[in-house]
Amino acid sequence: MTEKEFYDLIERYTDGTATQQERNLLDCWYLKKAAGEMETRFPEDLQSKMDRALPLILANEQFYPKQPVIKKKLWPTWAVAASVAMAVFAGSYFYYQSRTKDKTEQVAVNDILPGKNGATLTLANGKKIYINDAVAGNIAEQSGVKISKSKDGHIIYEITNDNSGKVEYNTLSTTRGEQTQVRLPDGSLVFLNAMSSLKYPTSFTGQEKRNVVLTGEGYFEISKDKTHPFTVNTKEQLVEVLGTHFNVNAYTNNVDVKTTLLEGRVKVSNNSSGLAKILDPGQQSIVTNKTMIVKDVEAEDAVGWKNGRMIYDGETLENIMKDVSRWYNVEVIYRDESIKEKTFFFSVSRRDKVSKILKILMRTQTVSCNIDGNKIIIEKR
Amino acid sequence: MKETPLYNEQELLAMIAKGDNNAFTILYKKYWPILYLHAYRMLGDENMAEDAVQETFTWFWQHAPMIDLKSYPSSYLYGAVRNHVLNLMRSAKIREKYARELSAFVQEDHGLVDEELAYKELVVLIESEIDKMPPRMREIFNLSRKDMLSHKQIAELLDISESTVREQVKRALRQLRASMKDSPYLIFVFIQILR
(Lines give C-alpha, C1' and ligand atoms only; values in the text may rest on other atoms or scores of the structure.)
Protein backbone atom coordinates (compact mmCIF):
# COMPACT_ATOMS: atom_id res chain seq x y z
CA MET A 1 0.00 0.00 0.00
CA THR A 2 1.44 3.35 -0.96
CA GLU A 3 1.23 6.38 1.27
CA LYS A 4 -1.31 7.92 -1.06
CA GLU A 5 -3.49 4.79 -0.91
CA PHE A 6 -3.33 4.90 2.86
CA TYR A 7 -4.18 8.58 2.83
CA ASP A 8 -7.16 8.09 0.53
CA LEU A 9 -8.40 5.02 2.38
CA ILE A 10 -8.68 6.91 5.62
CA GLU A 11 -10.40 9.77 3.90
CA ARG A 12 -13.01 7.36 2.56
CA TYR A 13 -13.39 5.78 5.97
CA THR A 14 -14.04 9.07 7.72
CA ASP A 15 -16.20 10.28 4.82
CA GLY A 16 -18.42 7.26 4.97
CA THR A 17 -17.63 6.34 1.36
CA ALA A 18 -15.39 3.34 2.05
CA THR A 19 -16.47 -0.17 1.05
CA GLN A 20 -17.46 -2.81 3.58
CA GLN A 21 -14.12 -4.54 3.09
CA GLU A 22 -12.17 -1.34 3.56
CA ARG A 23 -13.99 -0.52 6.77
CA ASN A 24 -13.43 -4.01 8.01
CA LEU A 25 -9.72 -3.83 7.32
CA LEU A 26 -9.25 -0.53 9.07
CA ASP A 27 -11.43 -1.55 12.00
CA CYS A 28 -9.44 -4.73 12.60
CA TRP A 29 -6.10 -3.04 12.25
CA TYR A 30 -7.17 -0.19 14.49
CA LEU A 31 -8.44 -2.50 17.22
CA LYS A 32 -5.31 -4.58 17.13
CA LYS A 33 -3.24 -1.48 17.61
CA ALA A 34 -5.49 -0.21 20.35
CA ALA A 35 -5.06 -3.40 22.30
CA GLY A 36 -1.33 -3.26 21.78
CA GLU A 37 1.47 -3.71 24.21
CA MET A 38 2.82 -0.22 24.22
CA GLU A 39 3.32 1.20 27.64
CA THR A 40 1.44 4.43 27.96
CA ARG A 41 3.40 7.31 29.34
CA PHE A 42 1.39 9.44 31.65
CA PRO A 43 2.50 13.03 31.24
CA GLU A 44 2.74 15.05 34.43
CA ASP A 45 0.54 17.83 33.22
CA LEU A 46 -2.49 15.93 31.90
CA GLN A 47 -4.75 17.92 34.14
CA SER A 48 -3.47 21.30 33.06
CA LYS A 49 -3.51 20.31 29.37
CA MET A 50 -7.12 19.43 29.86
CA ASP A 51 -8.01 22.64 31.66
CA ARG A 52 -6.24 24.87 29.17
CA ALA A 53 -7.99 23.38 26.18
CA LEU A 54 -11.53 23.62 27.50
CA PRO A 55 -12.29 27.33 26.94
CA LEU A 56 -10.99 27.11 23.39
CA ILE A 57 -13.56 24.46 22.61
CA LEU A 58 -16.45 26.28 24.22
CA ALA A 59 -15.57 29.38 22.23
CA ASN A 60 -16.73 27.62 19.05
CA GLU A 61 -20.23 28.01 17.70
CA GLN A 62 -22.54 25.06 17.76
CA PHE A 63 -24.18 23.79 14.61
CA TYR A 64 -27.91 23.59 14.26
CA PRO A 65 -29.89 21.29 11.95
CA LYS A 66 -31.28 24.21 9.92
CA GLN A 67 -27.85 25.11 8.61
CA PRO A 68 -26.32 22.52 6.30
CA VAL A 69 -22.97 22.01 7.87
CA ILE A 70 -21.55 18.53 8.29
CA LYS A 71 -19.48 18.15 5.19
CA LYS A 72 -16.29 16.31 5.83
CA LYS A 73 -15.03 17.46 2.45
CA LEU A 74 -15.04 21.14 1.76
CA TRP A 75 -15.43 20.52 -1.95
CA PRO A 76 -17.65 17.99 -3.68
CA THR A 77 -16.03 15.40 -5.89
CA TRP A 78 -16.65 16.16 -9.56
CA ALA A 79 -16.52 13.55 -12.23
CA VAL A 80 -13.71 14.68 -14.46
CA ALA A 81 -12.49 12.39 -17.18
CA ALA A 82 -8.83 12.86 -16.34
CA SER A 83 -7.16 15.87 -14.92
CA VAL A 84 -4.04 17.68 -13.95
CA ALA A 85 -3.76 18.66 -10.34
CA MET A 86 -1.17 21.26 -9.65
CA ALA A 87 -0.64 24.08 -7.27
CA VAL A 88 0.56 27.42 -8.45
CA PHE A 89 1.47 29.96 -5.80
CA ALA A 90 2.42 33.48 -6.88
CA GLY A 91 1.14 37.00 -6.30
CA SER A 92 1.16 39.80 -3.79
CA TYR A 93 0.45 39.55 -0.13
CA PHE A 94 -0.20 42.17 2.46
CA TYR A 95 1.40 42.50 5.83
CA TYR A 96 3.44 45.16 7.56
CA GLN A 97 5.33 45.59 10.77
CA SER A 98 4.55 48.07 13.43
CA ARG A 99 6.60 49.13 16.42
CA THR A 100 3.67 50.31 18.51
CA LYS A 101 3.36 48.77 21.95
CA ASP A 102 0.10 46.91 22.05
CA LYS A 103 -1.21 45.50 25.24
CA THR A 104 -1.33 41.74 25.10
CA GLU A 105 -4.56 39.84 25.39
CA GLN A 106 -5.52 36.22 25.79
CA VAL A 107 -5.49 34.38 22.52
CA ALA A 108 -8.94 32.93 23.10
CA VAL A 109 -10.75 36.20 23.69
CA ASN A 110 -11.37 38.08 20.41
CA ASP A 111 -10.92 35.05 18.18
CA ILE A 112 -11.05 35.47 14.41
CA LEU A 113 -13.27 33.55 12.06
CA PRO A 114 -11.86 31.83 8.99
CA GLY A 115 -12.67 32.86 5.41
CA LYS A 116 -15.53 31.46 3.42
CA ASN A 117 -16.74 30.79 -0.10
CA GLY A 118 -17.16 33.90 -2.18
CA ALA A 119 -15.72 35.70 -5.19
CA THR A 120 -16.28 38.56 -7.58
CA LEU A 121 -16.92 37.81 -11.22
CA THR A 122 -15.98 40.58 -13.63
CA LEU A 123 -17.56 40.09 -17.02
CA ALA A 124 -15.95 41.13 -20.29
CA ASN A 125 -18.16 44.22 -20.40
CA GLY A 126 -16.74 45.33 -17.05
CA LYS A 127 -19.81 44.50 -15.01
CA LYS A 128 -18.99 43.07 -11.58
CA ILE A 129 -21.09 40.45 -9.89
CA TYR A 130 -20.48 39.40 -6.35
CA ILE A 131 -20.99 35.67 -6.38
CA ASN A 132 -22.47 35.10 -2.97
CA ASP A 133 -25.12 37.71 -3.53
CA ALA A 134 -26.47 36.30 -6.78
CA VAL A 135 -29.09 33.64 -6.15
CA ALA A 136 -28.76 30.31 -7.87
CA GLY A 137 -29.71 30.65 -11.50
CA ASN A 138 -28.28 32.44 -14.48
CA ILE A 139 -25.73 35.10 -13.88
CA ALA A 140 -25.14 36.10 -17.42
CA GLU A 141 -25.38 34.79 -20.91
CA GLN A 142 -22.30 35.41 -22.93
CA SER A 143 -21.38 34.41 -26.45
CA GLY A 144 -23.05 31.03 -26.53
CA VAL A 145 -22.21 30.02 -23.01
CA LYS A 146 -24.61 30.07 -20.10
CA ILE A 147 -23.04 31.07 -16.80
CA SER A 148 -24.97 30.05 -13.74
CA LYS A 149 -24.46 29.57 -10.05
CA SER A 150 -25.29 26.28 -8.41
CA LYS A 151 -26.96 25.94 -5.00
CA ASP A 152 -23.65 25.68 -3.19
CA GLY A 153 -22.24 28.78 -4.80
CA HIS A 154 -20.12 27.26 -7.54
CA ILE A 155 -20.02 28.88 -10.95
CA ILE A 156 -20.93 26.56 -13.77
CA TYR A 157 -20.41 27.18 -17.47
CA GLU A 158 -22.51 25.35 -19.99
CA ILE A 159 -21.97 25.70 -23.70
CA THR A 160 -25.30 26.64 -25.24
CA ASN A 161 -24.17 27.37 -28.77
CA ASP A 162 -21.04 25.83 -30.19
CA ASN A 163 -20.50 28.10 -33.19
CA SER A 164 -20.80 31.22 -31.14
CA GLY A 165 -19.44 34.70 -31.70
CA LYS A 166 -16.18 36.16 -30.49
CA VAL A 167 -14.48 34.90 -27.40
CA GLU A 168 -14.70 37.09 -24.34
CA TYR A 169 -12.81 36.95 -21.08
CA ASN A 170 -14.10 36.91 -17.55
CA THR A 171 -12.05 37.37 -14.42
CA LEU A 172 -12.96 35.58 -11.24
CA SER A 173 -11.23 37.04 -8.20
CA THR A 174 -11.16 36.46 -4.46
CA THR A 175 -10.18 38.88 -1.74
CA ARG A 176 -8.67 38.06 1.61
CA GLY A 177 -10.94 35.68 3.47
CA GLU A 178 -12.54 34.28 0.31
CA GLN A 179 -12.15 31.14 -1.77
CA THR A 180 -14.12 29.79 -4.69
CA GLN A 181 -14.43 27.13 -7.34
CA VAL A 182 -15.31 27.31 -11.01
CA ARG A 183 -16.03 24.75 -13.69
CA LEU A 184 -14.79 25.97 -17.04
CA PRO A 185 -16.53 25.37 -20.37
CA ASP A 186 -14.46 22.28 -21.06
CA GLY A 187 -15.40 20.72 -17.73
CA SER A 188 -12.08 21.56 -16.08
CA LEU A 189 -12.25 22.51 -12.45
CA VAL A 190 -10.35 25.33 -10.81
CA PHE A 191 -10.26 26.11 -7.08
CA LEU A 192 -9.09 29.58 -6.18
CA ASN A 193 -7.59 30.36 -2.81
CA ALA A 194 -7.86 33.75 -1.07
CA MET A 195 -6.41 36.83 -2.80
CA SER A 196 -6.28 35.21 -6.19
CA SER A 197 -7.74 35.69 -9.62
CA LEU A 198 -8.33 33.65 -12.74
CA LYS A 199 -8.90 35.22 -16.13
CA TYR A 200 -10.42 32.80 -18.61
CA PRO A 201 -12.39 32.75 -21.86
CA THR A 202 -16.11 32.18 -21.76
CA SER A 203 -15.70 29.57 -24.45
CA PHE A 204 -12.84 27.39 -25.59
CA THR A 205 -14.35 26.44 -28.92
CA GLY A 206 -12.46 27.49 -32.02
CA GLN A 207 -9.22 28.07 -30.13
CA GLU A 208 -6.03 26.10 -30.51
CA LYS A 209 -5.15 26.27 -26.85
CA ARG A 210 -7.13 26.63 -23.67
CA ASN A 211 -5.44 29.62 -22.04
CA VAL A 212 -6.07 31.07 -18.58
CA VAL A 213 -4.20 33.65 -16.53
CA LEU A 214 -3.67 33.21 -12.79
CA THR A 215 -2.57 35.42 -9.93
CA GLY A 216 -2.39 34.05 -6.39
CA GLU A 217 -3.05 30.36 -5.86
CA GLY A 218 -5.10 27.90 -7.88
CA TYR A 219 -5.63 24.17 -7.86
CA PHE A 220 -6.49 22.73 -11.25
CA GLU A 221 -8.16 19.52 -12.40
CA ILE A 222 -7.97 19.73 -16.15
CA SER A 223 -10.10 17.74 -18.55
CA LYS A 224 -8.14 15.72 -20.99
CA ASP A 225 -8.04 17.09 -24.49
CA LYS A 226 -4.80 16.38 -26.29
CA THR A 227 -5.76 18.42 -29.30
CA HIS A 228 -6.28 21.56 -27.23
CA PRO A 229 -3.52 21.92 -24.63
CA PHE A 230 -4.44 23.79 -21.45
CA THR A 231 -2.05 26.50 -20.32
CA VAL A 232 -1.88 28.48 -17.08
CA ASN A 233 -0.10 31.78 -17.40
CA THR A 234 1.26 33.68 -14.45
CA LYS A 235 3.47 36.71 -14.66
CA GLU A 236 6.61 34.65 -14.16
CA GLN A 237 5.89 31.35 -15.82
CA LEU A 238 3.79 29.34 -18.19
CA VAL A 239 2.48 25.91 -17.32
CA GLU A 240 1.42 23.67 -20.16
CA VAL A 241 -0.76 20.85 -19.14
CA LEU A 242 -0.18 17.49 -20.70
CA GLY A 243 -3.19 16.18 -18.77
CA THR A 244 -4.01 16.17 -14.92
CA HIS A 245 -4.05 17.55 -11.28
CA PHE A 246 -1.76 20.34 -10.22
CA ASN A 247 -1.52 23.33 -7.91
CA VAL A 248 0.03 26.67 -8.82
CA ASN A 249 1.13 28.95 -6.03
CA ALA A 250 2.10 32.31 -7.48
CA TYR A 251 1.51 34.71 -4.56
CA THR A 252 4.67 36.51 -3.66
CA ASN A 253 5.93 39.57 -5.39
CA ASN A 254 9.48 38.39 -5.08
CA VAL A 255 8.71 35.88 -7.79
CA ASP A 256 8.87 32.62 -5.87
CA VAL A 257 6.36 30.61 -7.87
CA LYS A 258 5.65 27.04 -6.85
CA THR A 259 3.99 24.51 -9.08
CA THR A 260 3.18 21.15 -7.51
CA LEU A 261 2.07 18.22 -9.61
CA LEU A 262 -0.17 15.51 -8.20
CA GLU A 263 -1.13 13.51 -11.28
CA GLY A 264 -0.22 13.59 -14.94
CA ARG A 265 2.46 15.74 -16.54
CA VAL A 266 3.04 19.42 -16.92
CA LYS A 267 5.73 21.50 -18.54
CA VAL A 268 6.73 24.59 -16.63
CA SER A 269 8.51 27.36 -18.54
CA ASN A 270 10.15 30.32 -16.88
CA ASN A 271 9.13 33.46 -18.80
CA SER A 272 12.32 35.43 -18.24
CA SER A 273 14.93 32.77 -18.80
CA GLY A 274 13.07 30.54 -21.20
CA LEU A 275 14.09 27.52 -19.11
CA ALA A 276 11.56 24.75 -19.10
CA LYS A 277 11.15 21.53 -17.14
CA ILE A 278 8.66 18.72 -17.24
CA LEU A 279 7.28 17.64 -13.89
CA ASP A 280 6.26 14.18 -12.78
CA PRO A 281 3.76 13.56 -9.98
CA GLY A 282 5.15 14.35 -6.55
CA GLN A 283 7.45 17.01 -7.93
CA GLN A 284 7.40 20.71 -7.33
CA SER A 285 9.10 23.39 -9.38
CA ILE A 286 10.15 26.63 -7.75
CA VAL A 287 10.73 29.53 -10.07
CA THR A 288 12.68 32.50 -8.73
CA ASN A 289 13.60 35.23 -11.20
CA LYS A 290 15.53 33.35 -13.82
CA THR A 291 16.17 30.15 -11.92
CA MET A 292 14.07 27.06 -11.60
CA ILE A 293 14.63 24.13 -9.30
CA VAL A 294 12.62 20.95 -9.06
CA LYS A 295 12.25 18.93 -5.91
CA ASP A 296 10.23 16.04 -4.53
CA VAL A 297 7.47 16.97 -2.09
CA GLU A 298 4.41 15.67 -0.30
CA ALA A 299 2.12 16.78 -3.11
CA GLU A 300 -1.13 16.10 -1.24
CA ASP A 301 0.01 18.37 1.56
CA ALA A 302 0.67 21.23 -0.83
CA VAL A 303 -2.95 21.15 -1.96
CA GLY A 304 -4.35 20.60 1.51
CA TRP A 305 -6.08 23.99 1.20
CA LYS A 306 -8.53 22.87 -1.41
CA ASN A 307 -9.53 19.96 0.83
CA GLY A 308 -10.14 22.40 3.64
CA ARG A 309 -6.86 21.92 5.46
CA MET A 310 -3.66 23.88 5.96
CA ILE A 311 -0.80 21.42 6.01
CA TYR A 312 2.77 22.35 6.76
CA ASP A 313 5.76 20.05 6.53
CA GLY A 314 8.57 22.17 7.84
CA GLU A 315 7.33 25.49 6.47
CA THR A 316 8.70 28.71 7.93
CA LEU A 317 6.62 30.78 10.31
CA GLU A 318 6.73 33.65 7.85
CA ASN A 319 5.15 31.64 5.04
CA ILE A 320 2.61 30.06 7.35
CA MET A 321 1.55 33.47 8.62
CA LYS A 322 1.24 34.77 5.05
CA ASP A 323 -1.36 32.07 4.42
CA VAL A 324 -3.04 32.92 7.72
CA SER A 325 -3.17 36.60 6.89
CA ARG A 326 -4.83 35.91 3.56
CA TRP A 327 -7.40 33.40 4.74
CA TYR A 328 -8.25 35.06 8.03
CA ASN A 329 -7.86 38.58 6.67
CA VAL A 330 -5.51 39.73 9.41
CA GLU A 331 -2.25 41.64 9.69
CA VAL A 332 0.72 39.89 11.17
CA ILE A 333 3.18 41.82 13.29
CA TYR A 334 6.51 40.34 14.35
CA ARG A 335 8.32 41.69 17.37
CA ASP A 336 11.40 39.67 16.53
CA GLU A 337 12.74 39.06 13.04
CA SER A 338 14.55 35.89 14.07
CA ILE A 339 11.39 33.88 14.66
CA LYS A 340 10.25 34.20 11.04
CA GLU A 341 12.57 31.42 9.97
CA LYS A 342 11.41 28.94 12.56
CA THR A 343 9.82 25.87 10.96
CA PHE A 344 6.65 24.01 11.90
CA PHE A 345 4.94 20.73 11.14
CA PHE A 346 1.18 20.54 11.58
CA SER A 347 -2.16 20.27 9.91
CA VAL A 348 -5.34 22.14 10.78
CA SER A 349 -8.75 22.62 9.32
CA ARG A 350 -9.33 25.86 7.42
CA ARG A 351 -12.65 26.10 9.18
CA ASP A 352 -11.09 26.51 12.59
CA LYS A 353 -10.82 29.91 14.14
CA VAL A 354 -7.36 31.38 14.05
CA SER A 355 -6.73 30.63 17.73
CA LYS A 356 -6.37 26.96 16.87
CA ILE A 357 -3.36 27.60 14.69
CA LEU A 358 -1.84 30.04 17.14
CA LYS A 359 -2.20 27.50 19.91
CA ILE A 360 -0.29 24.94 17.87
CA LEU A 361 2.48 27.42 17.14
CA MET A 362 2.78 28.28 20.80
CA ARG A 363 3.00 24.67 21.85
CA THR A 364 6.64 24.65 20.79
CA GLN A 365 7.27 27.16 23.59
CA THR A 366 9.39 29.25 21.25
CA VAL A 367 6.91 31.90 20.21
CA SER A 368 3.96 33.58 21.77
CA CYS A 369 1.00 34.89 19.79
CA ASN A 370 -1.73 37.31 20.68
CA ILE A 371 -4.76 38.56 18.86
CA ASP A 372 -5.45 42.27 19.01
CA GLY A 373 -8.46 43.21 16.93
CA ASN A 374 -7.55 42.06 13.43
CA LYS A 375 -3.83 41.90 14.12
CA ILE A 376 -1.80 38.95 15.23
CA ILE A 377 1.27 39.84 17.22
CA ILE A 378 4.05 37.29 17.41
CA GLU A 379 7.06 37.49 19.62
CA LYS A 380 9.89 35.33 20.74
CA ARG A 381 9.30 33.54 23.99
CA MET B 1 -20.69 27.19 45.98
CA LYS B 2 -23.76 25.58 44.56
CA GLU B 3 -23.70 21.80 44.36
CA THR B 4 -24.10 20.43 40.88
CA PRO B 5 -26.88 17.85 40.91
CA LEU B 6 -25.99 14.52 39.36
CA TYR B 7 -27.30 14.07 35.85
CA ASN B 8 -27.08 10.99 33.72
CA GLU B 9 -25.27 11.27 30.43
CA GLN B 10 -28.33 11.60 28.28
CA GLU B 11 -29.57 14.49 30.35
CA LEU B 12 -26.17 16.08 30.00
CA LEU B 13 -26.33 15.61 26.24
CA ALA B 14 -29.68 17.36 26.08
CA MET B 15 -28.23 20.27 28.04
CA ILE B 16 -25.12 20.42 25.90
CA ALA B 17 -27.30 20.51 22.81
CA LYS B 18 -28.73 23.71 24.23
CA GLY B 19 -25.29 25.18 24.75
CA ASP B 20 -24.84 24.44 28.45
CA ASN B 21 -21.13 24.95 29.20
CA ASN B 22 -21.25 23.31 32.60
CA ALA B 23 -22.86 20.14 31.29
CA PHE B 24 -20.19 19.93 28.60
CA THR B 25 -17.47 20.45 31.18
CA ILE B 26 -18.70 17.48 33.18
CA LEU B 27 -18.53 15.11 30.21
CA TYR B 28 -15.28 16.68 29.09
CA LYS B 29 -13.58 16.07 32.41
CA LYS B 30 -14.91 12.57 32.58
CA TYR B 31 -13.81 11.38 29.16
CA TRP B 32 -10.77 13.48 28.40
CA PRO B 33 -8.22 11.33 30.25
CA ILE B 34 -9.19 8.03 28.70
CA LEU B 35 -9.63 9.47 25.23
CA TYR B 36 -6.21 11.06 25.54
CA LEU B 37 -4.61 7.82 26.70
CA HIS B 38 -6.26 5.94 23.87
CA ALA B 39 -5.11 8.51 21.32
CA TYR B 40 -1.63 8.45 22.78
CA ARG B 41 -1.52 4.67 22.55
CA MET B 42 -2.46 4.92 18.87
CA LEU B 43 -0.32 7.88 17.84
CA GLY B 44 2.65 7.65 20.18
CA ASP B 45 2.98 11.41 20.39
CA GLU B 46 1.72 13.72 23.12
CA ASN B 47 0.95 16.67 20.89
CA MET B 48 -0.88 14.62 18.33
CA ALA B 49 -2.84 12.80 21.02
CA GLU B 50 -3.82 16.16 22.42
CA ASP B 51 -4.85 17.32 18.97
CA ALA B 52 -6.99 14.23 18.44
CA VAL B 53 -8.81 14.72 21.73
CA GLN B 54 -9.19 18.44 21.17
CA GLU B 55 -10.67 17.87 17.74
CA THR B 56 -12.96 15.17 19.11
CA PHE B 57 -14.41 17.36 21.83
CA THR B 58 -14.65 20.33 19.51
CA TRP B 59 -16.57 18.20 17.05
CA PHE B 60 -18.79 16.97 19.83
CA TRP B 61 -19.50 20.43 21.19
CA GLN B 62 -20.30 21.84 17.79
CA HIS B 63 -22.48 18.95 16.63
CA ALA B 64 -24.30 18.31 19.91
CA PRO B 65 -27.45 20.11 18.73
CA MET B 66 -27.59 17.73 15.76
CA ILE B 67 -27.08 14.49 17.67
CA ASP B 68 -29.92 12.08 18.35
CA LEU B 69 -30.71 12.77 21.98
CA LYS B 70 -31.69 9.21 22.70
CA SER B 71 -28.14 8.00 22.18
CA TYR B 72 -25.18 7.88 24.53
CA PRO B 73 -22.69 10.72 24.30
CA SER B 74 -19.87 8.27 24.82
CA SER B 75 -20.67 6.42 21.60
CA TYR B 76 -20.16 9.64 19.70
CA LEU B 77 -16.98 10.43 21.54
CA TYR B 78 -15.46 7.01 20.98
CA GLY B 79 -16.38 6.93 17.32
CA ALA B 80 -15.14 10.47 16.83
CA VAL B 81 -11.81 9.89 18.53
CA ARG B 82 -11.18 6.95 16.25
CA ASN B 83 -11.86 9.12 13.20
CA HIS B 84 -9.65 11.91 14.43
CA VAL B 85 -6.85 9.55 15.31
CA LEU B 86 -7.06 8.00 11.84
CA ASN B 87 -7.04 11.43 10.31
CA LEU B 88 -3.91 12.41 12.17
CA MET B 89 -2.20 9.22 11.05
CA ARG B 90 -2.29 10.75 7.60
CA SER B 91 0.12 13.49 8.45
CA ALA B 92 3.39 13.44 6.55
CA LYS B 93 5.64 12.70 9.50
CA ILE B 94 4.06 9.39 10.47
CA ARG B 95 2.10 8.40 7.42
CA GLU B 96 4.78 6.17 5.97
CA LYS B 97 5.08 4.16 9.16
CA TYR B 98 1.35 3.52 9.39
CA ALA B 99 0.97 2.76 5.69
CA ARG B 100 3.64 0.10 6.13
CA GLU B 101 1.96 -1.32 9.22
CA LEU B 102 -1.35 -1.53 7.46
CA SER B 103 0.28 -3.19 4.44
CA ALA B 104 1.79 -5.82 6.70
CA PHE B 105 -1.55 -6.32 8.38
CA VAL B 106 -3.27 -6.82 5.03
CA GLN B 107 -1.02 -9.84 4.44
CA GLU B 108 -2.22 -11.47 7.64
CA ASP B 109 -5.49 -13.29 7.63
CA HIS B 110 -7.59 -11.07 9.78
CA GLY B 111 -11.05 -12.44 9.10
CA LEU B 112 -14.25 -10.46 9.26
CA VAL B 113 -15.75 -8.44 12.04
CA ASP B 114 -18.99 -6.65 11.66
CA GLU B 115 -19.08 -2.99 12.42
CA GLU B 116 -21.16 -3.27 15.52
CA LEU B 117 -18.82 -5.75 17.13
CA ALA B 118 -15.84 -3.68 16.11
CA TYR B 119 -17.39 -0.73 17.83
CA LYS B 120 -18.14 -2.67 21.01
CA GLU B 121 -14.60 -3.82 21.22
CA LEU B 122 -13.42 -0.29 20.71
CA VAL B 123 -15.51 0.79 23.69
CA VAL B 124 -13.99 -1.85 25.88
CA LEU B 125 -10.45 -1.08 24.77
CA ILE B 126 -10.83 2.62 25.34
CA GLU B 127 -12.33 2.06 28.76
CA SER B 128 -9.64 -0.39 29.67
CA GLU B 129 -7.37 2.62 29.80
CA ILE B 130 -8.80 3.22 33.24
CA ASP B 131 -7.44 -0.08 34.45
CA LYS B 132 -4.07 0.72 32.99
CA MET B 133 -3.81 4.04 34.81
CA PRO B 134 -1.78 4.13 38.00
CA PRO B 135 -4.17 4.30 40.99
CA ARG B 136 -3.08 7.75 42.04
CA MET B 137 -3.86 9.14 38.62
CA ARG B 138 -7.20 7.47 38.61
CA GLU B 139 -8.00 9.25 41.84
CA ILE B 140 -6.98 12.58 40.43
CA PHE B 141 -9.43 12.16 37.62
CA ASN B 142 -12.01 10.62 39.85
CA LEU B 143 -12.47 7.66 37.62
CA SER B 144 -13.38 4.25 38.80
CA ARG B 145 -14.66 1.37 36.80
CA LYS B 146 -18.00 1.43 38.53
CA ASP B 147 -18.58 5.09 37.77
CA MET B 148 -18.31 4.63 34.04
CA LEU B 149 -21.80 4.20 32.70
CA SER B 150 -20.58 2.30 29.71
CA HIS B 151 -20.52 -1.03 31.49
CA LYS B 152 -24.22 -0.59 31.76
CA GLN B 153 -24.32 0.42 28.12
CA ILE B 154 -22.41 -2.63 27.06
CA ALA B 155 -24.65 -4.80 29.17
CA GLU B 156 -27.68 -3.31 27.51
CA LEU B 157 -26.19 -3.61 24.05
CA LEU B 158 -25.22 -7.21 24.57
CA ASP B 159 -28.21 -8.19 26.64
CA ILE B 160 -26.21 -9.56 29.56
CA SER B 161 -25.78 -8.49 33.15
CA GLU B 162 -23.44 -5.72 34.13
CA SER B 163 -21.42 -7.93 36.44
CA THR B 164 -20.90 -10.38 33.60
CA VAL B 165 -19.56 -7.57 31.50
CA ARG B 166 -17.15 -6.51 34.20
CA GLU B 167 -15.87 -9.99 34.76
CA GLN B 168 -15.55 -10.75 31.08
CA VAL B 169 -13.71 -7.56 30.42
CA LYS B 170 -11.21 -8.22 33.17
CA ARG B 171 -10.56 -11.73 31.96
CA ALA B 172 -10.42 -10.82 28.33
CA LEU B 173 -8.06 -7.94 28.89
CA ARG B 174 -5.68 -10.16 30.76
CA GLN B 175 -5.73 -12.60 27.89
CA LEU B 176 -5.43 -9.90 25.31
CA ARG B 177 -2.46 -8.31 26.90
CA ALA B 178 -0.71 -11.61 27.27
CA SER B 179 -1.14 -12.94 23.80
CA MET B 180 -2.18 -10.12 21.50
CA LYS B 181 1.07 -9.90 19.66
CA ASP B 182 1.07 -13.60 18.85
CA SER B 183 -2.38 -14.12 17.54
CA PRO B 184 -4.79 -11.68 16.02
CA TYR B 185 -7.51 -14.31 16.24
CA LEU B 186 -7.84 -13.58 19.90
CA ILE B 187 -9.82 -10.47 19.14
CA PHE B 188 -12.54 -12.73 17.84
CA VAL B 189 -12.33 -15.16 20.71
CA PHE B 190 -12.72 -12.14 22.90
CA ILE B 191 -15.82 -11.05 21.10
CA GLN B 192 -17.27 -14.53 21.48
CA ILE B 193 -16.70 -14.26 25.20
CA LEU B 194 -18.66 -11.09 25.29
CA ARG B 195 -21.49 -12.81 23.51
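**Entry 1: the chains**

I began with chain A and found 6 helices and 25 strands. Helices (H or I, at least four residues) and strands (E, at least two) are DSSP runs, numbered from the N terminus. This is a predicted model: local features need pLDDT of at least 70, side-chain atom pairs count only at pLDDT 80 or more, and totals for chains, interfaces and linings use all residues. Residues are numbered from 1 along each chain as its sequence is written, while chains are lettered from A and ligands numbered from 1 in the order in which they are written.

Chain B has 10 helices and 0 strands. Read along its sequence, I get α-α-α-α-α-α-α-α-α-α.

Next I looked up burial. A residue is buried if 20 or more other C-beta atoms lie within 10 Å of its own, exposed if 12 or fewer, and partly exposed in between; the C-beta atoms are placed from the backbone. Of the 381 residues in chain A, 40% are buried. For the 195 residues of chain B, the share is 39%.

Then I looked up contacts: two residues are in contact if their C-beta atoms, placed from the backbone, lie within 7 Å. I took contacts in chain A between residues at least 6 apart in sequence; 59% of them join residues at least 24 apart. In chain B, with the cut-off again at least 6 apart, 58% join residues at least 24 apart.

**Entry 2: where the chains touch**

I then picked one helix pair. Two packed helices are described by the angle between their axes and the distance between the axes. α1(A) packs against α5 (residues 92-107) of chain B at about 85°, with the axes 9 Å apart. Axes are lines fitted to C-alpha atoms, for helices over the stretch in contact, and angles run from 0 to 180 degrees between N-to-C directions. α1(A) and α5(B) are therefore roughly perpendicular. Angles under 35 degrees count as roughly parallel, over 145 as roughly antiparallel, 65 to 115 as roughly perpendicular and the rest as oblique. From α1(A), the contact uses Glu3(A), Phe6(A) and Tyr7(A); from α5(B), it uses Arg95(B), Glu96(B), Tyr98(B), Ala99(B) and Leu102(B). These divide into 5 nonpolar, no polar and 3 charged residues.

**Entry 3: a sheet in chain A**

I followed an open sheet of 3 strands in chain A, in the order β22-β25-β24, with mixed pairing. Two strands pair if DSSP finds at least two bridges between them. β22 (331-334) and β24 (367-372) of chain A are at the edges with a single partner strand each, so one side of each has no neighbour in the sheet. Neighbouring strands here are turned by 20° against each other on average, direction ignored. β22(A) and β25 (residues 375-380) of chain A run parallel, joined by 4 bridges. Val332(A) stands opposite Ile376(A) in β25(A). Helix α6 (residues 354-362) of chain A lies across β24 and β25 of chain A, at about 160° to β24(A).

**Entry 4: cores**

A nonpolar core is a set of buried Ala, Val, Leu, Ile, Met, Phe, Trp, Tyr and Cys residues joined through C-beta atoms within 7 Å. The largest has 63 residues, and Val190(A), Leu198(A), Val324(A) and Val332(A) have the most contacts inside it. Helix α5 (residues 317-328) of chain A gives the largest share, 6 residues. A second, separate core of 55 residues includes Tyr30(A), Met42(B), Trp61(B) and Leu122(B).

**Entry 5: positive phi**

Most residues other than glycine have a negative phi. Met195(A), not a glycine, has a positive phi near 50°. Met195(A) sits in the loop between β10 (189-192) and β11 (197-201) of chain A. Is Met195(A) buried or exposed? Met195(A) counts as buried, because 26 C-beta neighbours lie inside 10 Å.

Technical notes. Ala, Val, Leu, Ile, Met, Phe, Trp, Tyr, Cys and Pro count as nonpolar, Asp, Glu, Lys and Arg as charged, and the others, Gly among them, as polar.
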